[in-house]
Amino acid sequence: MSSFEPLVFSGVQPTGNLTLGNYLGAIRKFVALQDTHDCIYCVVDLHALTVNPSPKELTDGTRSIAAAFLASGIDPVKHIVFNQSRVHQHAELAWIFNCVARMGWLNRMTQFKEKAGKDRENASVGLFAYPALMAADILAYRATHVPVGDDQKQHLELTRDIAQKFNNDYSSDIAGLGLGVPMQVGDETVQGFFPLTEPLIEGPATRIMSLRDGTKKMSKSDPSDLSRINLTDTADDIAKKIRKAKTDPEPLPGGTDGFEGRPEAENLVNIYAALAETTKDAVLGDFGGQPFSVFKPALAELAVEKLSPIADEMRRLMADPGHIDSVLASGAERASVRAEKTMVDVKRIVGLSA
Ligand code: AMP
Ligand code: TRP
């Protein structure tokens, strides 16, 4: 618990097509949170640079994520939608956080280990420092809540570690300048400048798995397009991918304990539950004992019903890139005002620009 104003922030990288995993694990939550919170949603184009997209991929990808945000129902007028590189304070605060975060902390990041692979010496410094930029995204607004999928949990722990170390290292400067906000840390109330941001990782869709391998996350970057449903897939593509999804010869179990050793079956039921906004048990109540030849067409129909309106709206928006750019520019203007306020205080705290 803290006494910071509640604020939701999240980001999505413009690399590759958005998948059903991104939609269910993140974007759909972004939409729901708008009713109860002040929200800032960011297309993190600087993060995308860590995987070396071509300039055209990066520009098109940025517009396409923005289009997906809008098509899914994010309101860029009541809330803020923008792309990261337009608000220079993110990069500026990231540098300060590079000097707060420890090598040892970043060395433990599993996403870095996965992305860098065996040849770590050849990984970019940006890929290594990626989580410090992510912390800057969030803390530039002193955001209190971050909706993400399960794979981002470790990065959010690091964000808290950075906030806490900054608060501790500069505690007397923060207090001296009167910039502290009372916050609960364990049993104690302390003064801090940055909140200890809470991840919002809950619900059935925190980890949607690949359609080809129920033990691997569904990912934009999987070489097989059959492994994922893209938000822009046509109804035929969706039906084909679900038909071809890996399963086993058994019918669906009557209860969730029957998923033992059947990750692909569990994943498909989980996707159905998430799309229908119900539970796996309820889905098994309807489909337990049925073969996949009955369940898969029902899942395909549900997926098409939920996703095709979004895909249609994304296509309509993508036909007018000027409009998307103006939404992003206006969001960035409003975001900059808030981020600059934080940066001015941070610079005073650390002793920059007297
Ligand atoms: P990214 O595409 O890595 O920028 O991810 C954007 C958001 O989607 C993050 O909050 C991720 O945690 C979430 N996400 C990505 N893949 C999945 C997945 N397979 N299941 C659930 N959430 C996901
Ligand atoms: N690292 C996140 C991902 O891969 C993207 C991201 C960047 C992000 N900055 C963020 C997510 C800030 C939440 C908050 O999905």
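Which residues form one aromatic cluster? I began my notes with that, keeping in mind that this is a predicted model. The cluster is made up of F97, F166, Y170, F193 and F194.

**Entry 1, aromatic pairs.** I then searched the whole structure for aromatic pairs, and the search gave 14 of them. I looked at the pair of F9 and Y141, whose rings are stacked, with 5.5 Å from centre to centre and 15° between the planes. This pair links distant parts of the chain, since F9 belongs to strand β1 (residues 8–12) and Y141 to the loop between α7 (125–139) and β4 (145–147), 132 residues apart. I looked up how accessible the two partners are: F9 has a relative accessible area of 2% and is buried, and Y141, with a relative accessible area of 7%, is buried too.

My next pair was F112 with F128, which is edge-to-face, with 5.1 Å centre to centre and 80° between the planes. F112 sits in helix α6 (residues 110–116) and F128 in helix α7, so this pair ties together parts that are 16 residues apart in sequence. I noted that both F112 and F128 are buried.

I came back to F193, a member of the aromatic cluster, and asked what lies over its face. I found R142 there, at 4.0 Å from the centre of the F193 ring. R142 is placed in the loop between α7 and β4, the loop that also holds Y141. I also checked the backbone of R142 and found a positive phi of about 50°, although R142 is not a glycine. I wrote this down because most residues other than glycine have a negative phi.

I recorded a second residue with a positive phi, E277, which is not a glycine and has a value near 55°. E277 is in the loop between α11 and α12 (280–287), and at 62% relative accessibility it counts as exposed.

Which residues come nearest to ligand 1? There are 17 residues around this ligand, and those that come nearest are G149, D151, I208, M218 and K220.

I counted 13 residues surrounding ligand 2, and the closest are Q13, Y130, M134, D137 and Q152. The side chain of D137 has an N or O atom 2.7 Å from a nitrogen atom of ligand 2, and the side chain of Q152 has one 2.9 Å from a nitrogen atom of ligand 2. The protein covers 91% of the 360 Å² of accessible area that ligand 2 has on its own.

Is S72 buried or exposed? With a relative accessibility of 13%, S72 counts as buried, because the cut-off for that class is under 20%. S72 is part of helix α3 (residues 55–72), and its side chain reaches the backbone oxygen of A68 at 2.7 Å. Setting aside residues up to four places away in sequence, I found that S72 touches Y23, I27, V31 and I310.

At 40% relative accessibility K246 counts as partly exposed. Apart from neighbours within four places in sequence, K246 is in contact with L211, R212 and E264. I also noted the spacing of K246 and S210, which are 36 residues apart in sequence and, C-alpha to C-alpha, 9.2 Å apart in space.

Technical notes: Residues are numbered from 1 along each chain as its sequence is written. Chains are lettered from A and ligands numbered from 1 in the order in which they are written. This is a predicted model: local features need pLDDT of at least 70, side-chain atom pairs count only at pLDDT 80 or more; totals for chains, interfaces and linings use all residues. Side-chain values use heavy atoms; hydrogens and water are left out. Rings of Phe, Tyr and Trp (its six-membered ring) pair if their centres lie within 6.5 Å; planes under 30 degrees apart count as stacked, over 60 as edge-to-face and the rest as tilted. Helices (H or I, at least four residues) and strands (E, at least two) are DSSP runs, numbered from the N terminus. Buried means under 20% relative accessible area, exposed over 50%, partly exposed in between (1.4 Å probe, protein chains only). A charge sits over a ring if NZ of Lys or CZ of Arg is within 6 Å of the ring centre and within 35 degrees of the ring normal. A residue is near a molecule or strand if one of its heavy atoms lies within 4 Å of it. A polar contact is a pair of N or O atoms within 3.5 Å; within protein, one must be able to donate a hydrogen and the other to accept it, and residues adjacent in sequence count only if both atoms are side-chain atoms. Accessible areas come from the Shrake-Rupley method with a 1.4 Å probe; for residues, only the protein chains shown count as cover. Contact means heavy atoms within 4.5 Å.
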